[in-house]
Amino acid sequence: MTKPPKPKPLLQDTDKPVRSRPRKPRNPAQPNLPLDPMPDRVDPCLALLKPKPPKGPQWAFEVKWDGYRLAVHIAPSGVRILTRGGHDWTDRFPAIAAEARRLPVATAILDGEAVAFDAHGRSDFGRLQQSLGGRGGNRMSREAVLMVFDLVYFDGRDIRRTELTSRRHLLEGLVPAGGEEAIRLSEEIDADGETLLRIACDHGLEGIIAKDRNSTYRSGRGGEWLKIKCIQSDGFAIVGYEKSTASFGGIGRLLLAARKGSDLVYVGGVGTGFNERTAAELREQMDKLIVGKPAVDTGRKRNAVFVRPALVAEIEYRAWTHDGKLRHASYKGLREEQDQAVVFQLDY
């Protein structure tokens with residue numbers, strides 16, 4: 001049997017590395033292809049509230065997640081996790097930071113929402129906040145998961161001017177669908193908006209997000225992204241509370257206010273949604289803010305304690321009464337200043 005031919009060496013001198021020969025010397029005046037500098041911070045694109053989903057093939061739909069909006073900056077120097085207000089919370093989300101370091105990319109900025117799931121797989125804002133030690137706490141949350149839904153910087157390129165469809169294509173290559181890690185893809189759902197909203201509401205979700213597939217990434221609330229809620233949920237300033245010996249933390253009801261222009265207006269109270277722990281933490285923080293005169297006219301209240309309106313509560317509610325008060329309100333938690341806690345603005 002004949003032996004197979006011996007392959008010829010690539011080089012006669014095998015100790016030397018393989019090199020291709022340039023056809024001509026490079027012109028030093030010719031610049032290298034420039035990279036876009038990574039932004040220190042990107043103000044997020046925000047969803048505009050609408051009463052019903054839009055129609056048309058240009059709209060893509062996702063679940064609306066209820067947590068903390070985060071931007072994850074990945075660079076050779078390390079990972080940074082920034083809140084919507086630009087505060088560095090890298091140390092508070094160690095599992096997300098560790099997973100970001102494992103992603104197959106040199107540089108990127110991921111846009112997503114940190115959430116904690118309840119027993120039914122729904123995002124639960126209160127559970128997330130408790131995992132972080134409550135409002136003002138400094139605990140690390142190891143159960144938080146980043147549901148990532150956009151990519152604004154990728155491999156040295158600022159892609160905010162690229163249409164959503166292309167950004168999603170790159171994101172899906174970086175964070176595949178169906179993952180179980182600390183960073184997961186918020187998947188687009190191929191369904192009619194009204195059908196999806198009905199299903200989301202039937203499953204107890206907060207709502208859905210609609211995004212224009214052809215839109216670029218613009219900071220602020222420009223209408224490229226829309227949110228449609230099953231249940232209303234907004235931030236309201238706490239202006240006091242009514243005492244109760246029969247309730248957790250001695251809190252019978254929180255007294256709430258919304259903004260009307262530059263002023264605060266009383267919008268009623270909330271007496272449900274507390275547990276023993278959250279009520280005790282809330283009472284401790286409110287008692288540091290007690291004032292003699294209420295910030296707004298709350299009408300006659302028995303056993304009321306008034307506080308400086310420095311705390312913003314996330315309140316879930318079904319509707320408004322004819323005289324401008326919240327109906328079927330439930331307390332969900334306190335919003336963090338770092339998360340740009342915004343007080344609901346009345347438009348009437």
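In which sense do strand β9 and strand β10 pair, and over how many bridges? Let us start there and then visit a few more spots.

This is a predicted model, in which local features need pLDDT of at least 70 and side-chain atom pairs count only at pLDDT 80 or more, while totals for chains, interfaces and linings use all residues. Residues are numbered from 1 along each chain as its sequence is written, and side-chain values use heavy atoms, with hydrogens and water left out.

**View 1. Strands β9 and β10 belong to an open sheet of four strands.** Strand β9 (residues 207-212) and strand β10 (residues 225-229) pair in the antiparallel sense over five bridges. Here strands (E, at least two residues) and helices (H or I, at least four residues) are DSSP runs, numbered from the N terminus, and two strands pair if DSSP finds at least two bridges between them. I209 has K227 of β10 as its bridge partner. The sheet runs in the order β1-β10-β9-β2, with mixed pairing. Its edges are β1 (48-49) and β2 (59-63); each has a single partner strand, so one side of each is left without a neighbour in the sheet. Helix α4 (residues 193-202) packs on this sheet and touches β2, β9 and β10, where contact means heavy atoms within 4.5 Å.

**View 2. A disulfide joins C201 and C230.** The sulfur atoms of C201 and C230 are 2.1 Å apart; the rule asks for a pair of cysteine sulfur atoms within 2.5 Å, and by it the count comes to one disulfide. C201 sits in helix α4 and C230 in the loop between β10 and β11 (232-243), so to speak distant parts of the chain, 29 residues apart. The link is left-handed, with -95° about the S-S bond.

**View 3. Y317 and W320 form an edge-to-face aromatic pair.** The two rings lie 5.6 Å centre to centre, with 70° between the planes. Rings of Phe, Tyr and Trp (its six-membered ring) pair if their centres lie within 6.5 Å; planes under 30 degrees apart count as stacked, over 60 as edge-to-face and the rest as tilted. Y317 is buried at 1% relative accessibility, whereas W320 is partly exposed at 28% (buried means under 20% relative accessible area, exposed over 50%, partly exposed in between, with a 1.4 Å probe and protein chains only).

**View 4. The charged end of K211 sits over the ring of W225.** The distance to the ring centre is 3.9 Å. Such a charge counts if NZ of Lys or CZ of Arg is within 6 Å of the ring centre and within 35 degrees of the ring normal.

Definitions and conventions
Axes are lines fitted to C-alpha atoms, for helices over the stretch in contact, and angles run from 0 to 180 degrees between N-to-C directions.
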